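Subject: Handing over the structure, with notes

Dear colleague,

I am passing this structure on to you, and below it you will find my notes on what turned up in it. Please keep the picture open while you read.

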Amino acid sequence: MKIAIIGVGSVGSAVATAVKNTGLVHEIVLYDRDGIRARAAAEDLGHAAAFGFDVKISAVSNYRGIRGSDIVIISAGANQKPGQTRTDLLQNNAEVIRDIVPRVMANVDPKRVILILVTNPLDVMVMLAQKLSNLPPARVIGTGTMLDTARLRTILARGLDVSPQSIHSYVLGEHGDSSVIDWSSITVGGLSLEDFCHQAKVTLTAATRETIEYRVRNAAYEIIRGRGATWDGIGAAVSDLLKCIINDERRILTVSIVAGTGAHTVAMSLPRVVGVNGVAMTLNPKMSSDESTRLRRSGKIIQKNFSHI
């Protein structure tokens, strides 16, 4: 399995490390406009291979070097700075995607390649990349709200005093400020959230839920304020998505792909079955009327932002 990573800044480097540590790829190619940075990253990661999986790692300064790649991960573009929202990156990163995707597609096999998008604002970039690549939507996948969902599971687990692995929950819609927590479908150990709280004698008030929503939605801003960027979480999300694809695991992940027709076309996160050919199925989770309304609003925000580019 050959993987290409486009953009080797802090996020791309974390993604490369996480991908190498899966042990599932035999070759990783790093491309960056800054050739010196790409070569340094390849050299550093290559040294780390001596302590783990033996992976061929190279840096290229020409897109011809990604030929033969089965999966291309696009992490290039500006990252959020303190005080910025993901949407603030819209125009600059749209130009980055417009430059990258045609060059990638000229050097890969369109019949089998899968594109994974990390660049923000994610859902809009997924829509743009799918349009430029002309690939089936199932093979242009954004990491979506995988990380948001992981944050929700972690925060809930701490409050409920259980493992995050025992919690099944979804953050839906935009990977951004209009994301929606689907409280209606949360289960803990197979029990509904309400049943678990009753048995565990835990009170989850409306104010507590609001606090959890705030923490999930603003986690990235807090991390950026403290360390300048987020990278470990998204690196782990990409490697998890990659494992799901390579092993044909058909796990349900909240990834973002283009769906719908006409004026209703949008890329946003819903629970989706992911396997070797990309997204195999989209699920419609249980939601309250308020959650459904908020999800539609989130989709409209994404569509509006896409219309601006």
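This is a predicted model: local features need pLDDT of at least 70, side-chain atom pairs count only at pLDDT 80 or more; totals for chains, interfaces and linings use all residues.

Residues are numbered from 1 along each chain as its sequence is written, and side-chain values use heavy atoms, with hydrogens and water left out.

Ser298 lies in helix H9 (residues 289–307), and helices (H or I, at least four residues) and strands (E, at least two) are DSSP runs numbered from the N terminus. Setting aside residues up to four places away in sequence, Ser298 touches Gly173, Glu174, Ser178 and Ser179, a contact being heavy atoms within 4.5 Å. Ser298 and Met146 are 152 residues apart in sequence, and their C-alpha atoms are 16 Å apart in space.

The protein as a whole

The secondary structure of the protein comes to nine helices and 14 strands, and its C-alpha trace spans about 55 × 50 × 40 Å along the principal axes. A compact globule of 309 residues would have a radius of gyration near 19 Å, and the protein agrees with this because it has 19 Å; the radius is taken over C-alpha atoms, and the globule rule is 2.2 Å times the number of residues to the power 0.38. Of the 309 residues, 51% count as buried. Among the contacts with a separation of 6 or more, 71% are between residues 24 or more positions apart.

The protein has 35 positive and 28 negative side chains, and the centres of the two sets lie 4 Å apart. In this count Lys and Arg are positive and Asp and Glu negative, with His and the chain ends not counted, and the place of a charge is NZ of Lys, CZ of Arg, CG of Asp or CD of Glu.

Eight of the eleven residues of helix H1 (residues 10–20) are buried, so H1 is largely enclosed by the rest of the structure. The buried residues include Val11, Gly12, Ala14 and Val15, and what covers the buried residues of H1 includes strand S1 (2–6), S2, helix H2 (35–48), S3, S4 and helix H8 (232–246).

The structure holds one aromatic pair. The rings of Tyr31 and Tyr63 have their centres 4.2 Å apart and their planes at 35°, so the pair is tilted; rings of Phe, Tyr and Trp (its six-membered ring) pair if their centres lie within 6.5 Å, and planes under 30 degrees apart count as stacked, over 60 as edge-to-face and the rest as tilted. The pair links distant parts of the chain, with Tyr31 in strand S2 (residues 27–31) and Tyr63, 32 residues apart from it, in the loop between strand S3 (56–60) and strand S4 (71–74). Both Tyr31 and Tyr63 are buried.

Other residues to look at

Trp183, in the loop between strand S9 (180–181) and strand S10 (187–188), counts as buried at 6% relative accessibility. Apart from residues up to four places away in sequence, Trp183 touches several residues, including Leu156, Leu193 and Arg209.

Val266 lies in strand S13 (residues 266–275) and is buried, with a relative accessible area of 10%. The C-alpha atoms of Val266 and Asp123 are separated by 8.1 Å, although these residues are 143 residues apart along the chain.

Finally, there are some backbone details. A cis peptide bond, with omega about -5°, joins Asn120 and Pro121, and Pro121 is in the loop between strand S5 (114–117) and helix H4 (122–133). Asp161 is a residue other than glycine with a positive phi, near 60°, and it counts as exposed at 69% relative accessibility. Arg250, which is not a glycine either, has a positive phi of about 55°, and Arg250 is partly exposed, with a relative accessible area of 45%.

With best wishes

Conventions:
Buried means under 20% relative accessible area, exposed over 50%, partly exposed in between (1.4 Å probe, protein chains only).
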